[in-house]
Amino acid sequence: MKKVFALLFLLAFCASAQGAGNDSSVVKIEQENLLLTVVSWPFVHIVQPTIEFLMWPAIPPLIYISRENLIEKGANLITFGENKQIMFYPIINAKIGSSANIGFAYWHSDLILNDDNMYFSPHLYINADWDASLRYRKKRIYGSSFYWGLGSSYRELGDNSFRDTEGNVYFYADSSIHLSTYGGFGFAKSWGLELGTSLNFHRFDLPSLNNVIIEGEQVSDRGFYTSYESYPLTLSLLHNSLDEPYAATKGRKFSLSYSYVPVSSYNGTRDHNYHVVESRLTNYLLLGNMSYAMTVAESNANREKLKNLTFAEAIEMLNPINIKEEILDRRVLIAQIKARYMLEENEGKAPFTAMGKLGGNFPLRAYEDGYFTAPLVAGISAEYRWPIDRFADALIFNEYGIYGENFNQLSVSNIRNSYGFGFRIRTPKLFITRFALAFHGLHGISLILTTRPEYE
């Protein structure tokens, strides 16, 4: 299985290289193109027939949802106001352990001024912990490309946890407050600069549950079970050329940021300042020359075909003769590279909150958010999507992550892999939900049901 997904990476970056200078490139399978013929073979004979077979239980509900226009009806149900400027909808993040939560989101556009929006979202966790965030953003200030925003969040977590590079798990209570403001402008097509600053009141204490408490210099120097403040100042270079926010078929997102983070005194010293460099590149490529989005007529025809599809017909649909029509004319390949490096001014003194996090949010979907932490974290991810209805995509993914103290101490033993399959429900402008089964080797499986997009 891993070999199949390794070929997925090869296809991702071969396709990215082919499309680097032309976002409308058409990929064709021809006998003389040996590379694409070899790379496509496992998708034709193994991967897609297997995924279609495994997803059979989910197909009837998806067809019913789309046939009855439940997504459009639901969008109307959660949208209010004369100009449809208000949205109110539930949030569900079904995960294993105490990180599972429910909540709601409240969006309000043109709240005070034109081209502004406000977002408020609280979450209640399965163990009765909770958090909430509030954001406000104003775009097109005086008709220009300048924008400005504010953000705030509060958390009340009784048994948060942190895992260091040695595998030690620290449990702690967290009642921190985060305030931020930022502003930016566009200076070229799809490019922009942003400057932001934050005021973080970190409030940590002993965990409320009977967990193991670790003591020693590692704990006191890193800021566990204590209170302190940090004041990040961040400069970012941003690029976004996606054709749609949640159903993108071509374009790129790129970010490169540098942060200087002064930290207040704790443990009797003031030598906890640190620096962070972070970057991400995500490339979307449409494999073919057909529109990714299905028309109503195509969607209706596809529902009937999927509803009565036999396994033999699925194999026939994916045979090499039909691969141009069925595989590459309406598929999207996403490849992402992401890295974060923290450099402390005094070795071993930066707080544990300065560490990068590697997990489901990176993404490394078979693990919990922030399951691995270290000064240096990096990852590569590839996802292959194909539409099964107007508002539903099937997908397979494969990703690798690595973590370590610095570039000189990166080890092969710290490489982690995650792969799996699933589906997502979305409109071009609104992400609704995604479901996936993610695996890491033979050691475990993660069930994902969340309203958060993959690459945000």
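**Charges, rings and strands in a predicted model**

Good morning. I begin with a charge and a ring: the charged end of Arg 365 sits over the ring of Phe 397, 3.9 Å from its centre. By that wording I mean that NZ of Lys or CZ of Arg is within 6 Å of the ring centre and within 35 degrees of the ring normal. A second case is Arg 137, whose charged end sits over the ring of Tyr 147, 4.3 Å from the centre.

Please note that this is a predicted model, in which local features need pLDDT of at least 70 and side-chain atom pairs count only at pLDDT 80 or more, while totals for chains, interfaces and linings use all residues. Residues are numbered from 1 along each chain as its sequence is written, and side-chain values use heavy atoms, with hydrogens and water left out.

Let us stay with Arg 365. Which residue does Arg 365 meet in a salt bridge? The partner is Glu 383, at 2.7 Å from N to O. A salt bridge here is a side-chain nitrogen of Lys or Arg within 4 Å of a carboxyl oxygen of Asp or Glu. Glu 383 lies in strand 17 (residues 376–389) and Arg 365 in the loop between strand 15 (356–358) and strand 16, so this pair ties together parts that are 18 residues apart in sequence. Strands are DSSP runs of E with at least two residues, numbered from the N terminus. Both Glu 383 and Arg 365 are buried, that is, under 20% relative accessible area, where exposed is over 50% and partly exposed lies in between (1.4 Å probe, protein chains only).

The structure holds 14 salt bridges. Asp 393 takes part in two that I wish to show. With Arg 424, the distance is 3.1 Å, N to O; this pair links distant parts of the chain, Arg 424 in strand 19 (residues 415–426) and Asp 393 in strand 18, 31 residues apart. With Arg 426, the closest N and O atoms of the bridge are 2.8 Å apart, and these two residues are 33 residues apart. Asp 393 has a relative accessible area of 0%, and Arg 426 one of 2%. Salt bridges with shared partners join Arg 365, Glu 383, Arg 385, Asp 393, Glu 399, Arg 424, Arg 426 and Glu 454 into one network.

I turn to the aromatic rings. A pair of aromatic rings is described by the distance of the centres and the angle of the planes. Rings of Phe, Tyr and Trp (its six-membered ring) pair if their centres lie within 6.5 Å; planes under 30 degrees apart count as stacked, over 60 as edge-to-face and the rest as tilted. How many aromatic pairs does the structure hold? There are 27. One of them, Phe 372 with Tyr 403, is stacked, at 5.0 Å centre to centre and 15° between the planes. Phe 372 lies in strand 16 (residues 372–374) and Tyr 403 in strand 18 (residues 392–404), so parts that are 31 residues apart in sequence are tied together. Both of these residues are buried.

Finally, the strands. Strand 4 (residues 116–125) pairs with strand 5 (residues 130–138) in the antiparallel sense over 9 bridges; strands pair if DSSP finds at least two bridges between them. Strand 5 is also joined by 9 bridges to strand 6 (residues 147–163), again antiparallel. Ala 132 has Pro 122 as a bridge partner and, in strand 6, Tyr 154. In the hairpin of strands 4 and 5, Ala 128 takes a positive phi near 80°. Thank you.

Note on methods:
Helices (H or I, at least four residues) and strands (E, at least two) are DSSP runs, numbered from the N terminus.
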